[in-house]
Amino acid sequence: MLELYQFELSQYSEKVRLVLDYKGLAYRKIEVTPGIGQVELFRLTGQRQVPVLKDGSQVVADSTEIAKYLDQQYPDRPLIPTDPKQRGLCLLIEEWADESIGTKSRQVLFGALSKNQSLRKSLLPAATPDIVKVLVEAVPSELLQVLGFGVGLSQEVVKRAEADLKQDLEALCLLLADSPYLVGDQPTLADFAVAGLSILLKFPEEPYLNLPATLRGKGVPGLADSVVYEPFFTWRDRLYAQYRQPLVPSSYKSSAPNSINIE
Ligand SMILES: N[C@@H](CCC(=O)N[C@@H](CS)C(=O)NCC(=O)O)C(=O)O
């Protein structure tokens with residue numbers, strides 16, 4: 001069976017899970033422990049990021065490479081169109097989504113977490129002792145903002161990312177206003193990249209991800225809860241309902257991740 005080395009809350013891992021579900025390919029998720037678990041990834045692939053796909057003796061790193069590999073090995077339900085114009089557009093949108101939505105959604109989520117104590121607390125698993133919840137809630141926002149500055153996430157960077165994402169979401173709402181897919185009349189890698197990479201902006205309402213129930217449907221204030229971008233999230237919900245496999249209930253009780261790996 002295919003094996004996906006992943007972080008549950010990684011947006012690039014989600015892009016691959018969406019693609020695997022679309023193609024109807026069964027796979028086993030292997031949750032990588034940030035830090036120590038990445039040493040094994042480095043041994044396997046010469047780099048330390050998720051997602052990594054293992055297909056027998058083949059090991060493929062990077063969500064784009066994985067999508068291309070899957071299209072080659074499992075050509076049913078193709079992801080990348082053959083028509084030259086559509087192919088070009090699909091590849092362009094996919095690359096833009098990786099660079100803009102993928103990177104900046106992490107930055108704005110960090111910004112939101114550093115400002116919002118209850119969002120921070122809701123990232124903790126249900127079993128977290130009350131005392132820890134109280135401590136997490138008590139971490140001053142200013143301290144997190146200073147820590148964010150230490151890893152290159154100053155308030156200025158977060159503000160810029162938020163402005164760029166607003167433009168991205170506006171563009172997507174316009175493009176999707178009268179068509180169900182971004183390129184042509186079938187879903188493509190462009191749709192799966194955009195939809196999967198946007199999970200940190202607003203976590204899906206339905207149980208597709210192993211995350212605390214309190215976080216479902218929540219996201220970055222100003223983006224997740226704005227009526228202006230609602231058409232985009234409604235489109236994403238529809239795409240998920242059509243193609244993404246919800247978790248089986250027994251698999252999301254105990255192992256909800258308790259940290260987001262920001263970089
Ligand atoms: N270009 C890569 C980006 C992957 C990426 O940024 N992965 C993050 C998780 S979302 C990661 O593994 N971060 C851990 C690290 O950099 O050490 C892809 O498309 O797969």
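Reader: How many salt bridges does a search of the whole structure find?

Author: The search finds 13 salt bridges. Bear in mind that this is a predicted model.

Reader: Which side chain does K15 meet in a salt bridge?

Author: K15 pairs with D98, with 2.8 Å from N to O. K15 is in helix 1 (residues 11–22) and D98 in helix 4 (residues 84–115), so the bridge ties together parts that are 83 residues apart in sequence.

Reader: Is K15 buried or exposed?

Author: K15 is buried, at 1% relative accessibility. D98 is buried too, with a relative accessible area of 7%. The cut-off for buried is under 20%.

Reader: And E40, which residue does its side chain meet?

Author: The side chain of E40 meets that of R43 in a salt bridge, 3.0 Å from N to O. Both residues sit in helix 2 (residues 36–45), three residues apart, which is about one turn of the helix. E40 is partly exposed at 33% relative accessibility, and R43 is exposed at 60%.

Reader: What does D164 form a salt bridge with?

Author: With K104; the closest N and O atoms are 3.1 Å apart. This pair links distant parts of the chain, D164 being in helix 8 (residues 155–176) and K104 in helix 4, 60 residues apart.

Reader: Which residues do salt bridges with shared partners join into one network?

Author: E8, E14, R17, D21, K29 and R244.

Reader: Switching to the ligand. How many residues surround it?

Author: There are 13, and the closest are Q38, R48, Q49, V50 and S63. Sorted by class, the shell has four nonpolar, five polar and four charged residues.

Reader: How much of the ligand's area does the protein bury?

Author: The protein buries 90% of the 520 Å² that the ligand exposes when taken alone.

Reader: Back to D62. Where is it found?

Author: D62 is in the loop between strand 4 and helix 3 (63–73). Its phi is near 85°, a positive value in a residue other than glycine. D62 is partly exposed, with a relative accessible area of 40%.

Reader: What about R77, what is its phi?

Author: The phi of R77 is positive, about 50°, and R77 is not a glycine. R77 lies in the loop between helix 3 and helix 4. At 42% relative accessibility, R77 is partly exposed.

Reader: Which residues does a cis peptide bond join?

Author: V50 and P51, with omega about 5°. V50 is also one of the residues closest to the ligand. P51 is in the loop between helix 2 and strand 3.

Reader: Do strand 3 and strand 4 run parallel or antiparallel?

Author: Antiparallel. Four bridges join strand 3 (residues 52–55) to strand 4 (residues 58–61). One of the pairings is L53 with V60, the latter in strand 4.

Reader: How many residues are between strand 3 and strand 4 in the hairpin?

Author: Two residues lie between them, and G56 in the turn has a positive phi of about 60°.

Terms used:
Residues are numbered from 1 along each chain as its sequence is written. This is a predicted model: local features need pLDDT of at least 70, side-chain atom pairs count only at pLDDT 80 or more; totals for chains, interfaces and linings use all residues. Side-chain values use heavy atoms; hydrogens and water are left out. A residue is near a molecule or strand if one of its heavy atoms lies within 4 Å of it. Accessible areas come from the Shrake-Rupley method with a 1.4 Å probe; for residues, only the protein chains shown count as cover. Ala, Val, Leu, Ile, Met, Phe, Trp, Tyr, Cys and Pro count as nonpolar, Asp, Glu, Lys and Arg as charged, and the others, Gly among them, as polar. A salt bridge is a side-chain nitrogen of Lys or Arg within 4 Å of a carboxyl oxygen of Asp or Glu. Buried means under 20% relative accessible area, exposed over 50%, partly exposed in between (1.4 Å probe, protein chains only). Two strands pair if DSSP finds at least two bridges between them.
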